[in-house]
Structure formats: structure tokens, C-alpha cells
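Please open the model in your viewer and follow the stops below in order. Each stop names a selection and then describes what is found there.

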Amino acid sequence: MENVDQSQSSAGATDSSCRGTPPCRFLSTCDGLPVGLADAETIFALSSGHGRCGVAVVRASGPASATALRCMAGLSRSLPPPRTALLRSITDSQSKEVLDRGLVFWFPAPHSFTGEDSVEFHIHGGPAVITAVLQALGSVPGMRPAEAGEFTRRAFQAGKLDLTEVEGLGDLIHAETEAQRRQALRQMSGELGHLYQDWTHKLKRCLAHVEAFIDFSEDELIEDGVLNQVDRWVCDLQAEMEQHLKDERRGERLRSGVQVVIAGATNAGKSSLLNTLCQRPAAIVSPIAGTTRDIVETALDIGGFPVLLSDTAGLRESQDLVEREGVRRARERVEQADLTLVVVDCAHLPSDAQQAAAFLQEHLRSVLPTQEQPETVFAADRFLLLLNKTDLLPEEQRQKLDRELRRVSGFPPVCLISCHTNEGLQDFLTVLHSSVKTLCGDPLSGAPTLTQARHRAHLQQCFAALAQYQRYRDIDLALAAEGVRLALTSLGRITGRVGAEEILDIIFKDFCIGK
Amino acid sequence: MLTKKLPPLNSFLSLVSRRASHVTRQQYDVIVVGGGHAGTEAAAAAARVGAKTLLVSQKIQTIGALSCNPSLGGVGKGQLVREVDALDGLCGRAGDWAGIHFSILNRSKGPAVWGPRAQLDRQRYREFIQSELLSTPRLTVLEGSVEELLVSETNPEQPGHHRVTGILLANGSHPVSASSVILTTGTFLSGSLFIGQSTSPGGRIGDAPSSSGLSHTLKERLGLRVGRLRTGTPPRILRDSVDFSLAVVQPPDGHPTPFSFLNTRTHCKPEEQLPCHLTYTTPGVERVVKDSLHLNCHIQEDAKGPRYCPSIESRVLRFPGRRHQVWLEPEGLTSDLLYPQGLSMTMPPDVQLSLIRQIPALHRAKIHTHGYGVQYDFVCPTQLSPALQVKNTQGLFLAGQINGTTGYEEAAAQGLWAGVNAARCALSMPTVSLSRTESYIGVLIDDLVSRGVTEPYRMFTSRAEFRTALRPDNADMRLTLKGFEEVGCVSTLRYQEAVRVRDSLQDAQATLQALSLSSNSWKKQLPDIQISEVKNTVMTGMEVLQYNNVSFEMLASAFPESLSRHMEFSQRLKIEAVYRPHCNLQKKEIERIQKEENLLLPHDMDYLSLPVSMSQEVREILDRVRPSTLGAATRLQGITPAAIVHLLNYVRSAELRERRKHRKQQKEEREEELCAAKASLP
């Protein structure tokens with residue numbers, strides 16, 4: 001509940017609603033139209049921070065809010081009294097399935113955070129419930145997932161925020177878009193990202209070829225087969241998207257908690273750390289270097305926050321093909337991690353404390369992603385340095401090392417631990433907890449379910465738009481092209497926008513235009 | 001419109017020269033420099049708005065000349081012609097008068113992308129334009145060369161800001177003064193001509209180069225950034241020397257469709273139209289190009305040429321090993337010449353001849369005039385406002401190729417809009433702009449002023465986001481009414497016609513909407529149609545008309561008493577029915593953009609020191625481009641959402657301050673009145 005209060009105070013600076021793509025042209029109204037008339041679309045989002053919590057708050061704002069409340073809370077006759085808690089069963093309006101039992105609130109315009117008709121669902125905080133409620137909201141006509149910071153912007157546009165607070169809003173949006181850019185990058189480097197980029201690329205080509213056929217075929221040599229090619233592409237894309245939309249498992253995997261990755265050289269004790277943290281032998285541990293070859297994942301609850309902990313293969317040059325693949329995956333995982341635990345075997349440190357610091361600095365560079373900027377390499381909130389096997393170090397040397405490392409600036413937080421004796425583990429857990437808390441409590445890190453809901457909504461629009469292409473293909477090519485454009489716009493909301501110039505560039509690359 | 005008799009050309013000339021003698025002693029509202037497509041539309045539009053206008057052209061005979069291809073319209077370009085006509089411009093009616101081969105391109109691809117196009121008789125086109133200008137009240141035409149653009153000294157309070165005061169003619173001792181000046185100098189700004197290895201100054205072969213004074217003023221005095229572009233024209237070929245048996249005949253449409261909303265027929269009778277011919281290049285063409293590259297300095301220069309209308313040299317170099325289309329287009333009903341579309345070239349004359357003879361139908365062709373290339377300066381159009389006024393020079397407007405565009409239609413559209421605004425400016429009326437949501441002209445101008453150009457800019461339908469709403473059939477509904485009511489560039493006659501059309505269309509649509517039957521009854525009425533809806537669904541006439549194989553004629557014959565009186569608009573009604581659902585979907589997006597367009601950003605905003613947190617990069621972009629609206633700002637590359645919020649905030653608080661100030665003033669005035677009233681009491 002804290003999160004809700006937070007998002008309603010302080011210039012709404014914690015509109016945690018959404019992540020994904022940077023918002024584009026979000027200023028839906030600028031001329032002070034009456035509230036509610038400004039934007040006919042109704043938006044919804046998980047408004048509480050993510051993480052396993054007792055209660056989650058899902059908020060909707062816009063004209064269809066009342067409809068959503070009516071059909072999901074079984075309030076067919078009348079709306080509840082304004083701003084009063086009401087305990088209801090929350091159902092999916094289409095399947096009639098009961099999703100949860102929780103509190104609902106009705107905030108009629110203009111007495112709401114956004115100044116529009118708004119509703120809130122206070123539901124149980126499990127990811128399954130949240131996902132189900134968000135999906136149910138998405139199926140109500142006129143509803144769509146909110147763009148980044150959209151609740152706050154609507155509040156601003158409705159004059160709910162003082163102009164002096166806008167400076168903060170601008171900075172907030174900057175931070176959001178920056179965070180989104182990072183997240184998008186991370187997602188884009190993964191399997192899913194490749195898929196979306198591939199689709200975007202194919203759609204761009206489809207559109208470019210249709211546009212070329214429209215704008216140039218009368219005068220130029222545009223082969224007749226161009227449209228048949230587009231037909232095939234569109235058909236393939238539709239099949240792929242349909243398959244993808246059915247495959248919920250992959251969506252779940254996309255973001256299901258804070259991604260914490262254990263990385264380091266072979267035999268540093270990474271798997272032991274994993275086993276210690278999850279308190280069961282999840283990973284095989286042996287004194288043989290290179291025991292762990294694939295990623296070992298386990299879900300953890302660190303002080304109430306969901307964490308997906310991954311153990312990775314030790315980083316070293318290897319001739320073994322399997323191990324090399326393991327190392328490649330380990331590096332990929334580190335690049336996508338929210339938090340990386342770099343594990344180092346104390347015994348390998350030079351005995352001189354100063355040299356040890358230099359050694360560690362070098363070591364960190366070798367573990368961390370190469371494309372990271374040097375100055376951000378040791379960003380405190382994204383890396384923890386764990387010196388393992390302290391039980392093998394004389395007490396005096398250990399203290400010297402500890403002191404020396406604390407002196408060196410530009411280092412990530414350092415913990416000296418022993419997975420063998422559990423020494424230092426409690427301190428490490430405190431540090432880990434606070435890091436995870438920062439990551440989760442950071443409203444910008446977004447909710448995984450929401451990211452999914454947004455993706456799904458855009459993908460569904462994209463899929464539907466392609467059907468428009470097929471419907472008009474032989475009747476009206478302008479309307480068919482409009483379908484491909486819409487599809488590209490929808491997909492573009494996940495992967496970034498596509499402008500007319502870009503389409504023209506493809507046209508001129510693929511065709512010999514010259515009348 | 002077509003019934004009017006064209007006055008003989010010589011009477012036109014005599015009138016012009018008579019006026020020329022006293023022209024220099026006068027004061028004008030608007031002076032237009034240049035008599036091409038941009039200049040003629042600009043002069044006519046300025047005069048229609050009510051400005052006392054002077055058109056200065058180097059040569060009276062070349063006013064309205066088609067310098068390059070003898071054709072008008074096409075895909076995207078045809079939309080511009082329709083819009084210029086809807087705003088009462090000249091080129092649509094001139095095309096109807098001079099057209100000798102009409103066709104609608106893209107006929108099979110949907111009415112939104114139909115491209116009305118015509119081959120023109122060069123002489124007829126020129127005569128029509130000249131005659132129109134002659135009969136335009138408030139417009140004077142003068143033959144002369146402009147030596148210098150006159151601008152005021154900079155205002156110390158606004159460094160770098162000037163004001164246009166008039167022009168200085170080459171041989172005239174007196175300056176001619178005006179509040180607004182429109183430059184439409186085409187390729188003449190520091191233009192050079194290229195054939196083979198020789199170059200000479202000029203903008204068009206046969207015409208004197210324009211004075212360097214103009215170019216100097218723009219660059220040095222006003223500090224405008226310029227770029228360099230290139231273009232070219234093909235050799236003209238003697239018709240008698242062409243072997244048409246080796247080319248494919250391309251007949252015109254059987255029923256020519258006029259460009260203009262005012263015309264129901266074209267001047268040329270359907271059966272009088274001339275065909276075009278299509279032929280192809282051969283490997284021999286490629287060989288000649290490659291062998292003569294060292295003799296061809298135009299192609300070696302690095303000025304940017306158009307990607308979509310390239311010279312034959314760039315075509316075969318970029319796409320070797322292919323055959324390329326060559327269209328043989330008539331230059332007029334009585335002309336002996338053909339225009340080989342697609343053979344623009346700049347090689348030496350003897351090589352030009354050997355190249356064209358590699359083409360089957362041209363194997364014994366003779367060249368009348370050689371092809372040549374032109375390189376010219378253009379003014380980076382991001383320095384203009386959406387009214388096409390130079391931002392730092394009050395009263396100076398630019399239109400046409402000088403802004404980096406290519407094509408008659410693009411020039412005409414800009415000319416018209418610059419003319420409108422130059423006149424409004426001179427007459428102390430606020431400038432007006434067209435949104436990209438309502439017209440191709442708006443798309444064109446917005447692209448130019450907010451994005452600039454890197455190569456000659458040509459219109460394509462794919463540039464218009466709202467293409468399904470910006471159709472050639474509805475340009476009058478989009479622009480004529482506004483053109484009369486808000487802009488003042490449309491005659492009463494045309495306005496009344498547009499109002500009649502609007503009322504009829506609305507009436508017909510209301511009738512169709514009210515025609516509500518069950519799908520079963522529709523099936524009985526229209527037995528040949530597959531209506532897919534379930535039996536008892538109620539459908540309106542509008543909905544039934546959306547079916548692919550239902551025409552308005554079919555509905556009218558089923559319900560003659562209510563619908564037959566609307567037969568005049570059968571095609572428009574059909575198009576409207578099909579497109580309306582899609583346009584409605586886009587409406588929200590359009591409204592949102594329009595709201596952003598309505599939020600004006602002050603011209604004199606000091607972005608570099610605006611007291612908000614904005615990155616230096618963003619500040620520099622804003623400072624360089626100076627978007628005139630928030631909408632334009634959002635379309636700039638590199639502008640972050642956060643910057644937009646700051647801009648919005650700034651504008652809003654400025655409004656607030658303004659309102660407070662206003663209220664305070666009012667209060668003070670009231671108090672003063674009160675005091676005065678008290679004082680006047682005995």
C-alpha cells in the first residue's frame with residue numbers, strides 16, 4: 001500500500017505503471033480541454049511496485065473505467081459510492097472466472113489522481129493474480145495498458161499537478177525513458193528481442209514493397225511479383241505471431257523477478273553460493289574446474305522480493321565445445337542481469353593488499369560485459385563483489401584486505417564470505433537485500449506482468465492489422481497498406497518507431513526507381 | 001472555365017510593357033521574383049487574397065513554361081494539383097486546358113492513391129497561365145532582372161533580424177518597394193549548367209544567369225545556410241526520326257478526367273488525345289555511359305541528385321545489367337518534338353547521340369536540343385516558418401526549388417501557400433498554415449520546414465500518414481471551404497460550388513444512413529450481391545455501399561425516388577462509404593496532432609538559456625530548427641519526451657503569465673476609468 005500513497009503524492013513522481021518503449025507523442029491534449037474529454041482511451045496498469053507483496057494495486061483511468069469496474073466486480077446495477085472501499089469477487093468479464101477477492105474503489109471525475117474517472121483494484125500480490133487481472137482488464141473494450149508515466153501525464157494535463165511540479169515530471173520522464181531504453185536494450189539482446197526485431201524488419205520490407213508498388217509501379221519497373229512476395233511474408237508473419245501469442249511460457253520467462261547472476265572464474269565457488277542461498281543442493285558442486293556448464297536457475301525470495309538467481313559457467317578459455325557454449329551463455333546472462341554477483345576465490349589474490357585491489361579491478365573488467373562504459377562498470381547498484389573462501393585466508397590478511405578494498409574508490413560493494421563456514425553470509429545477505437530492494441523499490445524497473453500485458457496488447461493489434469492487409473489486398477491497396485502500417489506502428493510501440501523516410505530508404509535500396 | 005477565350009499573346013505582351021514604364025515608381029504589397037510554377041501560383045494567390053502584386057520575370061515569354069517534362073500530376077503529385085486547384089490555384093485548370101493525354105495512374109489500387117496525370121501541350125499551358133495572370137486583378141507583370149534584394153538594417157533589439165523593403169532592378173534606377181517579397185528563382189540561385197566537360201553559369205539553357213547580388217544578400221547579409229543540389233533534363237528528340245514500330249503504345253484514358261473541381265471536361269476532346277510510347281534501354285546504353293564517364297563532370301560532382309528521378313548515368317551505374325524504361329512523350333499537339341522520360345543525361349553532345357541510338361525505337365533518332373545538368377544552391381528550408389517566410393527576415397518568402405524540392409506540383413503548392421501568406425503579411429493579417437493531417441501541402445511544408453532536405457524533395461503518397469483521408473476526390477471538402485472562410489484565396493464562385501457539393505454529399509449520406517433495412521430485405525433489393533450478414537441484421541445504405549461489388553448506381557436504381565437525384569456524386573459517395581470507417585479510426589490520432597499543432601512555440605524563444613533541465617544536444621536542435629509548434633517539435637529527431645514536457649510547461653506558464661498580465665491591465669484600466677469618472681463628478 002505504501003506504493004500507492006507514494007504514487008499519489010509527490011507530483012506522482014512514482015508512476016510505476018509501465019515500461020517497455022519510450023512514450024511517443026504522449027501529449028494527448030495540451031489546450032486545457034475539460035477532463036475526460038481529453039483522451040477517449042482508458043489506460044490501466046499495476047500501480048504498486050512489483051515484488052512479492054501482500055496487496056497489489058491495479059489502477060485504471062479514463063471513460064471506460066466504470067465499465068471495467070461494473071463487469072469485473074459484478075456491479076451490474078450501480079457503481080459503489082465514490083472513494084469507498086468495497087469487498088468484491090473480481091472476475092474475468094469474458095470467461096466469468098473468479099480471479100481474486102479484493103477491494104475495489106471508484107473515483108469519479110474530477111476527484112481522482114488523474115482527474116478522470118478512475119478505479120482501483122486492491123488484489124492479492126501474487127504474480128499470477130496480477131497477470132490475470134491485467135489480462136482481464138485488457139479484454140474490456142476501450143482499455144489498453146498505460147504507456148510509461150501516462151497516469152502522471154494525465155494528471156498533469158488535467159491540471160492536477162502544479163506547474164512547479166512539472167520540472168520534476170520532465171526529469172521523471174527522462175529517467176523513465178532512460179530506464180526503458182536500458183530495459184529495451186536488454187530485452188532486445190535476448191531471444192525475444194531478436195524475434196521482434198526480425199518481425200519489425202520484415203514488416204518494414206512488406207510496407208516498403210507495398211508503398212513502392214503504390215508510388216512507383218505505374219512509371220517504373222516494379223516487378224509484378226512484388227505483392228505476391230509481400231503476401232507470403234504477411235502470411236508467415238501472421239503464423240509466427242499467432243504461435244507466439246499462444247506461447248505464454250516464454251512471456252513468463254521474460255521478466256519474473258530481479259535477475260541476479262553469479263559470475264566469476266572457474267572454481268571460485270559460484271555453485272556453492274547458489275546452493276547456500278537456496279539452502280538446497282540445486283547445483284552440482286565439485287572441486288573440478290568447469291563443473292557448471294549450463295545456466296542453473298532458481299527462484300528465491302530475498303526479504304520478500306522475487307529473485308531469479310542464475311549460476312553460470314566459470315569464465316575461462318576452453319577447448320571444450322560444451323564449456324565454450326556455457327561461457328558464452330554466462331556472458332550473455334551477465335549482460336542482461338539486473339545485478340551481478342562477481343565471485344572471486346580469495347586464495348587467488350596476491351597477498352599484498354594493494355596488489356589485490358589492482359588484481360580485482362582487472363578481474364572485474366574481464367568478467368563484466370565488454371560494451372559497458374568503463375566509468376559505469378562498477379555502478380554500485382548493479383554489481384556486488386564477493387570474495388569467497390575466506391576460511392582459507394589468515395585472519396590478519398583478511399582484515400588488511402577488507403580495509404584496503406574499502407579505501408579504494410570506484411569499487412562495487414565488497415563482501416568477504418565463506419560458503420564453507422557461512423562466515424560473512426549474514427552481512428552479504430543484508431547487502432544483497434538492500435540491492436534487490438533498491439532494484440524492486442525503484443518504480444522504474446517495472447512489473448514483468450505488465451511488460452507482458454503491453455507486449456501482448458500491441459502484438460494482438462499488430463496481428464489484427466495484418467488481417468486488414470489480406471482483406472483489402474485485391475480491393476484497395478491503399479487500405480491494405482494501411483493495415484501493414486498499423487501493424488508496424490503497433491510493433492513499433494515495443495521496438496521503436498518507424499518513420500516514412502526509413503520506408504523510402506528501403507524502397508530506393510530494393511528497387512530501381514527512376515521514371 | 002474552359003469556355004473562356006484566351007486573349008492573343010501579343011496583346012498580353014504589349015500590356016505588360018506598357019505597365020513596365022511606370023512600375024518602378026510604385027509601391028506594392030507583394031513582389032514575386034520568378035515566373036515558374038511557384039512564382040505564377042504565388043503571384044496569383046497573393047492577388048486573390050487582395051494584395052497589390054508585382055511579378056518580375058527575366059523573360060515574359062517563359063512565364064508558365066514547362067522547363068523539363070511536358071506533364072503534370074502523377075501519384076502523390078496529382079494530389080498536390082487537386083489541392084492547389086481546391087485553393088483556387090492555376091495549375092489544375094491550366095492542365096485541363098493544355099492536357100493532350102489524360103490518365104489516372106494507380107486506377108486499380110484504391111481511390112486514396114489514384115494519381116491524376118496528363119501530358120501537356122507546352123504552348124497551351126504557357127498561354128493559359130499567361131492569360132490567367134493577365135486577367136487577375138491587382139496583378140502586374142514586369143520583364144526584368146532583379147539585381148538586389150532590399151532589406152532593412154538589423155534591429156538592434158533583435159540581432160540578425162531583418163525586414164524586406166523591396167527589390168532593385170538590374171537596369172532600373174529606382175528601387176521597387178514592397179512589404180513582402182517572394183523568391184521563386186528555381187535553379188537560378190548560383191546555378192551552373194553542365195554538358196560533358198563544359199560548364200557555364202545559368203539556371204536553364206537559353207536564359208541569362210541571375211544576378212549574383214541576390215545570392216550574396218541571402219548568404220552574406222541574411223546569413224542563410226545554403227546547400228547544393230543537382231538535376232538534369234534529357235535531350236529532346238525529333239518525332240519524325242523515331243521508329244515507333246519498335247515501341248509499345250500507351251493510350252490515354254478513354255474519358256479524360258479533369259484536374260480541376262470546376263471542370264467537367266477537358267479542353268482536348270477524348271479522341272484528339274495523343275498516345276505515349278514505351279521503350280527500353282539496352283546493354284549498349286550502359287556501355288556508352290561507362291565509356292564516357294571521364295567526359296562527364298556533372299556525374300562526378302558530389303552535389304546530391306534525386307534518387308527517384310535519376311539521370312540515365314546514375315541509373316545504369318546503380319543498377320547495372322538491367323533494362324530501364326524510357327517513355328517517349330509528346331511535347332504538344334503540333335510539336336515536332338518528343339521528350340524521352342528517363343533519359344536525363346549530361347555527357348558530351350556526340351555521346352548523347354550515340355547513347356540514344358542504342359535504344360531500339362531511337363536507332364536513327366535525331367536530337368533537337370541536348371540534355372544537360374544543372375547544379376544550384378537551395379536555402380535549407382528549416383530556416384523557414386510553416387508560412388514559408390524566412391524566420392529571421394520579416395516579409396521574405398521562398399517557394400519552389402529554392403527550398404530544395406523538385407517537381408512542378410511541389411513548386412506550385414509552395415508558391416500558392418507563400419503567395420497567400422506574403423499577401424496576408426503585407427495586409428497585416430496573421431499568417432496561416434496547413435496541417436499535415438488535412439493536406440499534402442501541409443505534409444510537404446511540414447517535412448521541409450521541420451526536417452529539411454538532403455536530396456531534392458518529391459512528394460509520394462507514402463509521406464502522408466493520413467493518406468486514406470487526404471484523397472484526390474475530397475480535396476475541395478478539405479480545402480476550398482477553409483480557403484474561402486479562413487484564408488481568403490478562393491473566389492466566391494468556387495466557394496459556392498464547394499458549398500453546393502458539400503450540401504449534396506451530406507444530404508445523400510444522410511439519406512443512405514436513413515435507408516435502414518434488414519439484410520434479408522437488402523438481399524431482395526440487390527439479388528446479385530452476396531451480403532454476408534446474418535438474416536435479421538439491420539444495415540444502412542452506407543454500410544451496404546461499403547461492399548466491394550455494390551455501386552451507388554445499383555442503390556439508386558433500387559431506390560430511385562430518394563437516391564437518383566444524387567447520381568452526380570455517385571463515385572464520391574462510394575469512395576466516402578468505403579473510406580469512412582478507416583478515417584474515423586484515424587480521427588483520434590488526427591485530433592491529437594492538431595491539438596499539438598495549435599500549441600505555438602514563440603519564435604524568439606531562447607532555447608540555449610531556457611531555465612529548465614534540458615540537454616545541450618536538445619537545446620541545440622531546438623535552437624537550430626526553431627519548430628513553430630509543439631507538434632513540429634515532437635517530430636524532430638533527437639527531441640526527447642522530457643524536452644517536450646518542458647516546452648509544454650514553458651508555453652503554458654507563458655500563457656498563464658500573459659493572462660495574469662491581461663487581467664491586471666484590465667483592472668488598472670477599470671480603476672483609471674473609475675478615477676476619471678470620480679474626477680468628472682461635480
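The model is predicted, with local features requiring pLDDT of at least 70 and side-chain atom pairs pLDDT 80 or more, whereas totals for chains, interfaces and linings use all residues. Residues are numbered from 1 along each chain as its sequence is written, chains are lettered from A and ligands numbered from 1 in the order written, and side-chain values use heavy atoms, without hydrogens and water.

R659(B) is partly exposed because its relative accessibility is 46% (buried means under 20% relative accessible area, exposed over 50%, partly exposed in between; 1.4 Å probe, protein chains only).

**Helix α6 of chain B**

Next, select residues 212–221 of chain B, which form helix α6. Its buried residues are G213(B), L214(B), S215(B), T217(B) and L218(B). Just after α6(B), inspect G223(B), which adopts a positive phi of about 65 degrees.

**Chain A as a whole**

Finally, select chain A, which contains 16 helices and 12 strands. Of its 515 residues, 56% count as buried. Among contacts (heavy atoms within 4.5 Å) in chain A with a separation of 6 or more, 70% join residues 24 or more positions apart.

Definitions and conventions. Helices (H or I, at least four residues) and strands (E, at least two) are DSSP runs, numbered from the N terminus.
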